[in-house]
Amino acid sequence: MSYLKYLPYKCIICKNDNHYTKDCIDKCKVCKGEHITSLHKCYICNIIGADHITYYCPFRCSCNGYHTKNEHCCLYCHEPNPDHKDENCKMRLNIKYN
Ligand SMILES: [Zn+2]
Ligand SMILES: [Zn+2]
Ligand SMILES: [Zn+2]
Ligand SMILES: [Zn+2]
Ligand SMILES: [Zn+2]
């Protein structure tokens, strides 16, 4: 059986009880997540800090996805293989939309 635990504050960011965390004006301006901007963590390289912008993360994959090169999955066959080049994928010509 599960029920909501009583929380002393509705907002876990600024510790106020007159608004919920999702409505807080102090929540992360980078990802709109429920933490203050200075505690934002890049979900690509896990660096914490507001001056590191995930969009410009140097570890970001060249496919423009939000993951590292090593986590890249082929866009066509979805194989998680960084050495496999998407443009050489044999599945590329077999894609059918139905
Ligand atoms: Zn708040
Ligand atoms: Zn954030
Ligand atoms: Zn990063
Ligand atoms: Zn990628
Ligand atoms: Zn592939």
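1. Leu 75 is partly exposed, because 14 other C-beta atoms lie within 10 Å. The scale runs as follows: a residue is buried with 20 or more other C-beta atoms within 10 Å of its own, exposed with 12 or fewer, and partly exposed in between, with C-beta atoms placed from the backbone. Leaving aside neighbours within four places in sequence, Leu 75 is in contact with Cys 63 and Asp 86. Contact here means that the C-beta atoms of two residues, placed from the backbone, lie within 7 Å. Leu 75 and Cys 63 are twelve residues apart along the chain, and their C-alpha atoms are separated by 8.9 Å.

2. A word on the basis. This is a predicted model, in which local features need pLDDT of at least 70, side-chain atom pairs count only at pLDDT 80 or more, and totals for chains, interfaces and linings use all residues. Residues are numbered from 1 along each chain as its sequence is written, while chains are lettered from A and ligands numbered from 1 in the order in which they are written.

3. Now the chain as a whole. The protein chain has zero helices and zero strands. Both terms refer to DSSP runs, numbered from the N terminus: helices are H or I, at least four residues, and strands are E, at least two. The protein chain has 98 residues, and buried ones make up 5% of them. Take the contacts with a separation of 6 or more: residues 24 or more positions apart account for 2% of these.

4. Thr 68 deserves a look. With 14 other C-beta atoms within 10 Å, Thr 68 is partly exposed. Setting aside neighbours within four places in sequence, Thr 68 is in contact with Ile 44, Phe 59 and Cys 61. Thr 68 and Tyr 43 are 25 residues apart in sequence, and their C-alpha atoms are 9.5 Å apart in space.

5. Next, Tyr 20. Tyr 20 counts as partly exposed, since it has 14 other C-beta atoms within 10 Å. Not counting residues up to four places away in sequence, Tyr 20 touches Lys 10 and Cys 11. Tyr 9 is eleven residues from Tyr 20 in sequence, with 8.4 Å from C-alpha to C-alpha.

6. Asn 46 is not a glycine, yet has a positive phi of about 70°. Asn 64, also a residue other than glycine, has a positive phi near 75°. Most residues other than glycine have a negative phi. Asn 46 is exposed, because 9 other C-beta atoms lie within 10 Å. Asn 64 counts as exposed too, with 7 C-beta neighbours inside 10 Å.
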